[in-house]
Amino acid sequence: MTKLKLLKPEEIKERASKLENWQVIDNHHLLGTFYFNDLAGAMHLAVKVGHLAEEMQHDPEMIIEAGKVELTIFTHDSGGLTDLDFEFAQRVEDMGSNM
């Protein structure tokens with residue numbers, strides 16, 4: 001993957017304002033938390049996120065618990081947040097809200 005341009009703090013703030021289930025940590029990564037009624041719901045999202053990660057060549061960190069999926073994302077090659085991270089986060093958010 002080509003090194004992507006890091007976003008400036010004001011760009012991060014603007015893009016993050018459009019995401020409901022994500023928070024910005026230290027202007028470096030995004031933390032997304034999605035809640036479900038059971039483990040099956042959480043696993044369903046986790047599998048979909050895995051397919052999306054492969055499609056977008058992204059490497060999210062994922063914690064799966066009964067009723068909860070927590071994702072940490074940033075562009076490793078760039079060392080922080082890029083447009084790719086916000087595109088990924090929005091697509092995951094769209095998936096989570098359609099479940």
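**The sheet**

I started with the strands: four of them make an open sheet in the order E1-E2-E4-E3, with antiparallel pairing. The edge strands, each pairing on one side only, are E1 (22–25) and E3 (61–65). On average, neighbouring strands of this sheet are turned by 15° against each other, direction ignored.

Two strands pair if DSSP finds at least two bridges between them. In general, strands of a sheet pair through backbone hydrogen bonds.

Before going on, I noted that this is a predicted model, where local features need pLDDT of at least 70 and side-chain atom pairs count only at pLDDT 80 or more, while totals for chains, interfaces and linings use all residues. Residues are numbered from 1 along each chain as its sequence is written, and side-chain values use heavy atoms, with hydrogens and water left out.

How many bridges join E1 to E2? I found four, and E2 covers residues 29–35. Valine 24 stands opposite leucine 30 in E2. Helix H3 (residues 83–97) lies across E1, E2 and E4 (68–73), at about 5° to E2. Such angles run from 0 to 180 degrees between N-to-C directions, with axes fitted to C-alpha atoms, for helices over the stretch in contact.

Most residues other than glycine have a negative phi. Aspartate 26, though not a glycine, has a positive phi of about 55°, and I found it in the loop between E1 and E2. Glutamine 57 also isn't a glycine and has a positive phi of about 55°; its place is the loop between H2 (39–56) and E3.

Are they buried (under 20% relative accessible area), exposed (over 50%) or partly exposed (in between; 1.4 Å probe, protein chains only)? Aspartate 26 is exposed at 69%, and glutamine 57 is exposed at 56%.

**Inside**

Threonine 72 lies in E4 and is buried, with a relative accessible area of 17%. I listed what threonine 72 touches (contact means heavy atoms within 4.5 Å): His29, Leu30, Leu31, Pro60 and Glu61, not counting residues up to four places away in sequence.

Of its 25 residues, Trp22, Leu30, Phe86, Phe88 and Val92 touch the most other members. H1 (9–16), E2, H2, E4 and H3 each supply at least two residues of this core.

Technical notes
Core = buried A, V, L, I, M, F, W, Y, C linked by side-chain atoms within 4.5 Å.
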